[in-house]
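Work through the exercises below with the sequence and the coordinates open, and try each task before reading its solution.

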Amino acid sequence: MDDRKDRSPVIILGAGICGLYAAHKLAERKIPVIVLEKEAVPGGLAAGFERNGNCYDLGVHHLHGFDREILTDIQNLMGERLQPVELKALIRHGKGFHQYPLQFTDMLGSIPPWTLVGALSGILIQQIINQFDKSTASDAEEALVRIYGRPLYNYFFRDFTHAYWGLPASQLSAVFVRSKMPRLSAVDVIKDHLKKLGFRFREESTASALCKETLWYAPSGSREVPEALANAIINDGGKVLMASPVVRIDTADNKIQAVHFSQEGKPCSFPCSYCLSTIPLPDLIRALHPVPDAKVLDAVGHLHYKPITVFGLLVRKTTVLNALYVHFRKRIFHRLAEPKNSGLQVSPEGCTVLIAEMTCEVGDDRWFGGNETRSRLLQDLQAEGLITPEEVLEIHHFNARHAYPIFNLGFEEHFQKVMAQLQQIENLQSVGRQGGFSYPNMHATMRMGADATKLITSYLNSC
Ligand SMILES: Cc1cc2nc3c(=O)[nH]c(=O)nc-3n(C[C@H](O)[C@H](O)[C@H](O)COP(=O)(O)OP(=O)(O)OC[C@H]3O[C@@H](n4cnc5c(N)ncnc54)[C@H](O)[C@@H]3O)c2cc1C
């Protein structure tokens with residue numbers, strides 16, 4: 001690569017895992033790169049926060065090892081700080097805690113007998129219907145019913161899905177089932193038997209949660225990964241500017257010319273040879289100047305994200321969970337993690353940290369970590385027999401406005417309109433979880449970032 005010192009830098013919007021990894025790959029190749037991040041710490045959704053000497057993840061994040069090249073790269077940056085841990089996840093269901101995803105025998109044992117008979121016949125009847133009905137499901141409810149049958153859908157998915165997303169499954173796209181909803185492995189066992197009888201299945205839900213695997217974590221939590229990436233970028237001559245929200249992006253001749261941001265209230269800008277955006281699509285579109293036409297603004301107004309609220313608790317107990325994390329379907333939190341079980345260092349001795357995740361809406365009591373939410377959190381933890389309120393030494397609250405892209409009905413059309421607008425700008429790509437409006441895990445966003453840099457490099461070489 002031609003290393004011209006006078007070249008305008010590549011500007012990366014967002015210091016989440018995707019943006020940081022892309023910047024790392026560019027800085028390694030000595031391409032001038034600047035990362036602009038609105039928050040005070042790097043990491044985006046994978047960030048973590050220190051409070052009174054302990055680290056709290058913004059929702060516990062483990063690095064998956066599926067992408068060997070990415071894993072090796074991160075291992076090279078972090079050395080022994082990145083430690084392996086065997087995945088052990090549970091789900092609270094029926095009368096106890098079961099392996100997650102729910103196994104066949106656990107399902108048999110935890111569902112009331114008549115519901116179970118209904119669920120098994122529902123699966124069988126649905127599979128017979130599916131052999132004849134080859135149409136595609138029109139929404140998430142229909143997609144789930146086609147996989148699990150109506151009785152099991154009603155029993156297991158209907159109310160939980162509604163509570164989690166704030167929308168009934170009938171208002172979510174069928175794509176959501178493939179992207180976000182893990183399979184009930186119990187149903188896979190039943191389907192394996194049906195396959196032997198000659199049934200044919202079209203798989204519609206994600207299989208990722210079925211794998212046994214080794215995960216990777218660090219003694220100060222998930223934030224060590226973005227911090228290692230940010231340090232590597234700076235060591236290679238790049239810049240990572242925190243507390244620098246992007247406010248305007250100038251375009252002319254179908255190219256981005258400059259990126260404007262603010263720092264300590266002062267307006268600043270950089271000229272730009274290429275822009276890689278990982279910020280939410282609505283924020284990117286609304287920052288473009290001149291402003292895109294009304295149809296694109298309308299389309300991006302239909303793309304929504306579900307926010308998350310996270311509580312980090314310091315608890316006076318050596319351990320609480322017999323797992324890295326536990327999924328709950330009937331509590332205020334949908335997932336509870338104990339990062340000490342993944343190798344988090346906690347002080348003082350004899351204490352542990354719990355991370356409780358819950359979806360919310362901006363401005364509601366959960367979003368603000370209000371009293372009602374806190375007392376329900378403590379009540380639910382006690383009701384599960386996990387801890388008493390007296391054992392809680394500290395409670396810390398964090399939130400993120402953009403946690404889960406919402407695939408509501410018809411979102412595809414709006415998404416495509418927005419992407420078509422962005423594709424007209426020749427030195428711009430929008431990738432990552434927020435920028436790609438999709439559900440990659442950390443390793444997959446890093447892969448997206450790495451792939452984006454290949455296009456950037458060939459674009460710069462052609463200029
Ligand atoms: C609760 C939860 C748990 C998860 N657990 C795991 C896990 O265990 N393992 C795993 O692999 N994945 C996990 N994921 C997925 C993982 O978080 C994402 O894949 C990954 O962090 C997304 O990275 P990103 O860079 O694409 O997006 P983000 O992390 O959202 O980064 C976007 C960045 O852009 C910044 N930004 C936004 N607007 C502006 C602006 N105007 N100017 C400048 N900057 C801006 C944001 O502050 C943010 O830092 C989890 C996700 C959630 C929500």
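Predicted model: local features only at pLDDT ≥ 70, side-chain atom pairs only at ≥ 80, totals over all residues.

**Exercise 1.** Identify which backbone atoms lie close enough to a nitrogen atom of the ligand to count as polar contacts, taking 3.5 Å as the cut-off.

*Solution.* Begin with valine 60, of which a backbone N or O atom lies 3.4 Å from a nitrogen atom of the ligand. Continue with lysine 38, where the corresponding separation between a backbone N or O atom and a ligand nitrogen is 3.1 Å, and then with valine 246, where it is 2.9 Å. The protein covers 93% of the 1000 Å² of accessible area that the ligand has on its own.

**Exercise 2.** Determine how the rings of phenylalanine 328 and phenylalanine 333 are arranged.

*Solution.* In the pair formed by phenylalanine 328 and phenylalanine 333, the ring centres are 4.9 Å apart and the planes stand at 90°, so the arrangement is edge-to-face. Both phenylalanine 328 and phenylalanine 333 are buried. Elsewhere, Tyr305, Phe407, Phe411, Phe415, Phe437 and Tyr439 make up one aromatic cluster.

**Exercise 3.** Find which residues touch the most other members of the largest nonpolar core, and trace the contacts of leucine 281.

*Solution.* The largest nonpolar core has 82 residues, and within it Leu281 and Leu422 touch the most other members. Setting aside neighbours within four places in sequence, leucine 281 has contacts that include Val300, Leu303, Tyr305, Phe415, Val418, Met419, Leu422 and Phe437, and also Ser430, Gln434 and Gly435. A second, separate core comprises 39 residues, among them Ala23, Leu26, Val431 and Leu460.

**Exercise 4.** Locate the rings over whose faces arginine 92 and arginine 335 lie.

*Solution.* Arginine 92 lies over the face of phenylalanine 97, at 5.4 Å from the ring centre, while arginine 335 lies over the face of tyrosine 325, at 4.5 Å from the ring centre.

Definitions and conventions
Residues numbered from 1 in each chain as written. Heavy atoms only, no water. Core = buried A, V, L, I, M, F, W, Y, C linked by side-chain atoms within 4.5 Å. Buried < 20%, exposed > 50% of the residue type's maximum accessible area, 1.4 Å probe, protein only. Contact = heavy atoms within 4.5 Å. Phe/Tyr/Trp six-rings, centres within 6.5 Å; stacked < 30°, edge-to-face > 60°. Lys NZ or Arg CZ within 6 Å of the ring centre and 35° of its normal. Polar contact = N/O pair within 3.5 Å; in protein donor to acceptor, adjacent residues only side chain to side chain. Areas by Shrake-Rupley, 256 points an atom, 1.4 Å probe, with all protein chains shown as cover.
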